[in-house]
Amino acid sequence: MQPYNKSLMCRVWIFAVCYFCMPAWVCTQKIDVMKLLPEKFDAYQATEWLDYEGEALFDYINGGAELYLSYGLAGMTGCKYNGEGLPQVTVEIYGMTSPANAFGVYTQSRDREESEYGQGSQRYKDFIIFWKDKYYVLITTQKATPESGKALLHLASLVDRAIPGTGRRPAIVDALPQKDLVPGGYLYFHHYVWLNAYLFIADYNIININDETDAVLAKYGDADTRCYLLMVDYPDETAATAAWEKLKNEFAPESAGERPKLQLEDGTWFTTWTRANRLCAIFDGRSLEQIDNLYHSIK
């Protein structure tokens, strides 16, 4: 999934929210890449070992650290490789606080589902990404050549084999109906800024998403019939009901009933409901039939 473009000021604000509200215990889990990665292979030589966290990481990736911090960053380690006449290849291994968070960063980055590396991956000519256990791995090259392409594959295999464990993806993802789900078209998160970045509902935390909630936003239908399913698991039924009431009252004040079905001013359909501690909502429905069919497909 690709988010809307955000201004630099917005990105700095998101970083501030994620970093300064981040609990102190997140900076705990990193891989020792000097034991993991080779100093030399083929015509490549390790020229810089990477070790970043906090504000230093924010500087290293030029304002993009809010993505990792919002998923509970533990730290990033890696290595840059260079060879005479060869494009640079960089390995970055982001250690997160849980497999669910590593999976969440991965869903922010991929747009299709592959399984070549780790527990889910995507490969292009100039980069490879994958997640495995508590780690999100990004391997890039400055230019796609036969030599750099071979290096990407070699390093991805090394890192994959070196991470011994696996982690479970969030259970809420398994609850997504598969019929008409866009391949790779869902995002797992637990920070409200990502909901508003991918599907703008409000410029504030309208449904009380926080570190104790699990949320998934999924695309259904082709480009001409696209709608979105949002599911959020709260710590208890009371919290889910409070968020549901807030969504109804502030997003669609005219809504009423346990499962309102509304056609909004822009012609799209909206509905929302709760089941135990889970809030569900469908946005941008193209017809009443579409939102009803999706509703009935959810277990």
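Modeller: Let us begin with a charged group of three. In this predicted model, a network of salt bridges links Arg259, Lys261 and Asp292.

Biologist: What is the general idea behind such contacts, and how many salt bridges does a search of the whole structure find?

Modeller: Side chains of opposite charge can pair when their charged atoms come close. A search of the whole structure finds 11 salt bridges. One of them joins Glu48 to Lys80, with the closest N and O atoms 3.9 Å apart. The pair counts because the cut-off is 4 Å. Glu48 belongs to strand E2 (residues 44–52) and Lys80 to strand E3 (residues 73–83), so this contact ties together parts that are 32 residues apart in sequence.

Biologist: Are Glu48 and Lys80 buried or exposed?

Modeller: Glu48 is partly exposed, at a relative accessible area of 32%. Lys80, with 18%, is buried; the label applies because buried means under 20%.

Biologist: Which side chain meets Asp233 in a salt bridge?

Modeller: That partner is Arg278, and the N to O distance is 2.6 Å. Asp233 lies in strand E10 (residues 227–233) and Arg278 in strand E13 (residues 278–285), so parts that are 45 residues apart in sequence are tied together by the pair. Asp233 and Arg278 are both buried.

Biologist: What does Arg110 contact?

Modeller: Arg110 takes part in two kinds of contact. Its side chain meets that of Glu113 in a salt bridge, at 3.0 Å from N to O. Arg110 also lies over the face of Tyr186, at 4.6 Å from the ring centre. Arg110 is buried, with a relative accessible area of 0%, whereas Glu113 is partly exposed at 39%.

Biologist: Let us turn to ring pairs. How is a pair of aromatic rings described, and how many aromatic pairs does a search of the whole structure find?

Modeller: Two quantities describe a pair of aromatic rings: the distance of the centres and the angle of the planes. The search finds 15 aromatic pairs in the whole structure. For Tyr94 and Tyr136, the ring centres are 6.1 Å apart and the planes lie at 40°, so the pair is tilted. This pair links distant parts of the chain, with Tyr94 in strand E4 (residues 86–96) and Tyr136 in strand E7 (residues 135–141), 42 residues apart. Tyr94 is buried, with a relative accessible area of 1%, and Tyr136 is buried at 2%.

Biologist: Which residues do ring pairs link into a cluster with Phe103?

Modeller: Ring pairs link Phe103 with Trp131, Tyr186 and Tyr188 into a cluster.

Conventions:
Residues numbered from 1 in each chain as written. Predicted model: local features only at pLDDT ≥ 70, side-chain atom pairs only at ≥ 80, totals over all residues. Heavy atoms only, no water. Helix = DSSP H or I, 4+ residues; strand = E, 2+ residues; numbered from the N terminus. Buried < 20%, exposed > 50% of the residue type's maximum accessible area, 1.4 Å probe, protein only. Phe/Tyr/Trp six-rings, centres within 6.5 Å; stacked < 30°, edge-to-face > 60°. Lys NZ or Arg CZ within 6 Å of the ring centre and 35° of its normal.
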